[in-house]
Amino acid sequence: RRDLERKHIDIGMGIERISMVLQDAESMFDTDLFQPIIRRVTGITGKAYKLDEQLDRSMRVIADHGRAVTFLIADGVLPGNEGRGYVLRRILRRAVRHGRLLGIGRPFLTEIADIVIGEFGDRYPELHARRDTIHRVIQNEEDNFGRTLATGISRFDTLAAEVRASNSAVIPGAEAFRLYDTYGFPFELTAELARDAGLDIDVEAFAEALEQSRARSRAAIRGFADGARGRSHLYAAAAGAPVEFVGYDRAQNDATVTDVFGADSAVDQLDAGEPGELVLDETVFYGESGGQVGDTGTIATETGVFTVHDTQRPTPTLIVHRGEVSEGFIRAGQQATAMIDADRRDAIRRNHTATHVLHRALRMVLGDETHQAGSLVAPDRLRFDFTSQDALGADGLNQVTEIANSVPLRNISVVAETMPYADAVEDGAIALFGEKYGDIVRVVKIGDYSAELCGGTHVSATGEIGPIVVLAESSIGSGVRRIEALTGEGAIRHLLRAHLVTNELSRALHAPVDGLLDEVRQISNQVRERDRTIEQLRLSLATSDIDGLIERSVSVDGTQVLATRVPAQDRETLLQIGDRLRDKLQSGVIVIASEIDAQPALLAMVTKDQVSRGLSAGKLIQEIAPIVGGRGGGRPELAQGGGSDASKLDEALASVVTIVKRQVSG
């Protein structure tokens, strides 16, 4: 036993409970923490506190939620549809609803926020510093919800009456979702209304409707890019001063939101959950071009956060940030902080510089007549298309890979310079075939290794690329081939996986790593030889009683007809059995069947002399296959079919004689 250094007991008493004790108050709402707020509520409503329990409850809700809303916004939380943003929206809208219950028909929460700021601002100076933002966010949210609140409550009252009239006490989940989606009622607010009305809600159906809505929303955001052509008139209207890209050497910048686009028009504002596009006067986001994909990240203003899913250049001078508002709202004219996903950009830079490295390596192996025919520079991979009539082959690919990987090891500096186009070409910089360039161009130089005209982002030294792993080389058209490769972390993960698999194979095959390829080839040859032996044995077994099978044939109007089951593991074996039976029978009709992978398989053969009598294997199969739940067809001499019901195979075979009689007589 020893004494504690600090002797105290945590009794869970926050400032509210301590205030109650010190002020001898009945509840925390009777302390000086909340009384100034409640007095403001009574001043707005003209209703006294502690005369009516229902009214008191609404006043307490407004006091508590008004204080919480003020502090949350001061701490940087903004209204949204998920996470902490949804919590803020939920309590803010609940406060508005209780304001309506007290008869407040106008926006009022900014007045409550001012009381909170006045009471707590000395201890929490951020409340004073962010007062304007607090006002703007509250006012926007209150205005949006206030426009639909009365209509939504009216809809709920009608819905509650309909539920009672149907002798039910449960509000359908789809209707609860409609209140959420159309009228902006958080589920918790609908649940509160339902409790007051003595009703329940189908929670599972609501959750299902919500998930379906989110799936549609995700699809709408993904499909937003598909409408880019239809918005060309918007981009033309936004063609003011060119948007400057300032992101070559930084990942964040402050800018002004100059234009806001919705799905099909320019708008003043986008709210949480809405997809759209933002234009800044300057940006660190790289707009997709030259094979390099666009950046992702966030654009934040004092009232909202815009998640950027893609960045595009719909015109040579315009860069648009495509995504959705994840919190709050964004308006044109606001000051914003743009921040790219820096880790993603780093991966893209590694891959982009690697395309230049590979381009030069290919020209060293294939000759200077080889040139770039296209590329994709993404964060997880790179793709490089080049002109060549012939495949590199294993030796050529190894040469390119070795040359390319020598460049990161040398850690060569990568620099970009702007200069007149004529000077760049004269100095030996490579220009892409068919690309249009201005009078002034940007040249990316990797020491004395390569120089190319390029507007993309690159590493500062080749050591940052890491290993370059070429995954494949293939033809994509006449005279054009493609290399796919990995760099950086992706290349390292790929090499580690390959190392793990190689070691496991070495242990499993009891062979050294250097001898694995020969060992695998030997095993593969052995397997192929054994497979051939097994197939020959299966065929021999299946045809060992050819004479016995032939004896099962019957004569139908002078034509020998054989319809029987045979043991076949696959259709190839079935065909081989049929060939042997036909050779043995010499003249007649053969229909054989087997179960292959638990499915019925049918084969029909008619010798040439019987075809001249009007018999047809194709017509036979067309009539037999439906019996086993399938279909088939083929030539008069040979036809195949199958189905889904193997239990009907014997019935199908039994029908052959009748069908042959009909064909002969026909």
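Guide: What follows starts with strands and helices, then turns to charged pairs and a few single residues.

A word on the ground rules before we dig in. This is a predicted model, so local features need pLDDT of at least 70 and side-chain atom pairs count only at pLDDT 80 or more, while totals for chains, interfaces and linings use all residues. Residues are numbered from 1 along each chain as its sequence is written, and side-chain values use heavy atoms, with hydrogens and water left out.

Helices and strands here are DSSP runs, numbered from the N terminus (helices are H or I with at least four residues, strands are E with at least two). Two strands pair if DSSP finds at least two bridges between them. With that in hand, look for an open sheet of 6 strands, in the order E19-E20-E21-E22-E24-E23, with mixed pairing. Its edges are E19 (554-556) and E23 (631-634), each of which pairs on one side only. On average, neighbouring strands are turned by 20° against each other, direction ignored; axes are lines fitted to C-alpha atoms, for helices over the stretch in contact, and angles run from 0 to 180 degrees between N-to-C directions.

E19 runs antiparallel to strand E20 (residues 559-565), and 3 bridges join the two. If you want a landmark, Val556 stands opposite Thr559 in E20.

Now hop to the other end of the order. E22 and E24 pair in the antiparallel sense over 5 bridges, and there Met605 stands opposite Leu638 in E24. E24 also pairs with E23, again antiparallel, this time over 4 bridges. In that pair Gly633 faces Gln640 of E24, and a hairpin joins E23 to E24 through 3 residues.

Contact means heavy atoms within 4.5 Å. Helix H22 (residues 656-665) lies across E19, E20 and E21, running at about 30° to E19.

Next come the charged pairs. Side chains of opposite charge can pair when their charged atoms come close. A salt bridge here is a side-chain nitrogen of Lys or Arg within 4 Å of a carboxyl oxygen of Asp or Glu, and by that rule the count comes to 37. One of them is Asp579 with Arg582, whose closest N and O atoms are 3.0 Å apart. Both residues sit in helix H18 (residues 571-585), 3 residues apart, about one turn of the helix.

For burial, the cut-offs are under 20% relative accessible area for buried, over 50% for exposed, and partly exposed in between (1.4 Å probe, protein chains only). Asp579, at 30%, is partly exposed, and Arg582 is partly exposed too, at 29%.

Compare a pair that reaches along the sequence. Asp385 and Arg482 form a salt bridge, with the closest N and O atoms 2.7 Å apart. Asp385 lies in strand E13 (residues 382-387) and Arg482 in strand E18 (residues 480-486), so the pair ties together parts that are 97 residues apart in sequence. Asp385 counts as buried, at 7% relative accessibility.

Another example is Asp30 with Lys50, whose side chains meet in a salt bridge (3.2 Å, N to O). Asp30 is in the loop between H1 and helix H2 (35-45), and Lys50 in the loop between H2 and H3, so this pair ties together parts 20 residues apart in sequence. Asp30 is partly exposed at 22%, and Lys50 is partly exposed at 44%. There's also a network of salt bridges, linking Arg57, Arg94, Arg97, Glu192 and Asp196.

His65 sits in helix H3 and is buried, with a relative accessible area of 10%.

Finally, Gly80 is found in the loop between helix H3 (53-74) and helix H4 (83-101). At 0% relative accessibility, Gly80 counts as buried. Leaving out residues up to four places away in sequence, Gly80 touches Gly85, Tyr86, Arg89, Ala272, Ser326 and Glu327.
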